[in-house]
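Q: I have a new structure to look at, and I would like to learn how to read it. Could we go through it together?

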Amino acid sequence: MTNNTTERMFRAIPFPMACDLHQRLLRGEQSPETQKMLRQALRQAGFSRRAA
């Protein structure tokens, strides 16, 4: 992800969730909860899946 993408994603979610997600990503955590948080943050930032 580019810096603009991550900035947009973290601004779209509540601050405590952004902190928690940031720490999980720094640790390299790949739990289902982390994936769920990441999907939610991307969705709230306006990113959506696109068919290729």
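Q: Which residues are exposed on the other side of helix 2?
A: F15, P16, L26 and R27 are exposed there. Exposed means over 50% relative accessible area, buried under 20%, and partly exposed in between (1.4 Å probe, protein chains only). Helices (H or I, at least four residues) are DSSP runs, numbered from the N terminus. A word on the source: this is a predicted model, where local features need pLDDT of at least 70, side-chain atom pairs count only at pLDDT 80 or more, and totals for chains, interfaces and linings use all residues. Residues are numbered from 1 along each chain as its sequence is written, and side-chain values use heavy atoms, with hydrogens and water left out.

Q: Which residues of helix 2 are buried?
A: Here is the general idea: an α-helix has 3.6 residues a turn, so residues three or four places apart point the same way. In helix 2, the buried residues are M17, A18, L21 and R24. They cover an arc of only 130° around the axis, which puts them on the same side of helix 2. The arc is that of the directions from the helix axis to the C-beta atoms. Their cover includes helix 1 and helix 3.

Q: What comes just after helix 2?
A: G28, which takes a positive phi of about 80°.

Q: How do I read helix 1?
A: Look for its two sides again. T5, T6 and M9 are buried in helix 1 (residues 3–12). Seen down the axis, these buried residues fall within an arc of 95°, so they line one face of helix 1. They pack against helix 2 (15–27) and helix 3 (32–44), where contact means heavy atoms within 4.5 Å. On the other side of helix 1, N3, N4 and R11 are exposed.

Q: Which residues of helix 3 are buried?
A: T34, M37 and A41. Down the axis of helix 3, they fall within an arc of 65°, so they line one face of the helix. On the other side, P32, K36 and R43 are exposed.

Q: How do I check the span of helix 3?
A: The expected span is 1.5 Å times one less than the number of residues. For the 13 residues of helix 3 that should be 18 Å, and its end C-alpha atoms are 18 Å apart, which agrees.

Q: What takes a positive phi just after helix 3?
A: G46 does, at about 100°.

Terms used. Helix = DSSP H or I, 4+ residues; strand = E, 2+ residues; numbered from the N terminus.
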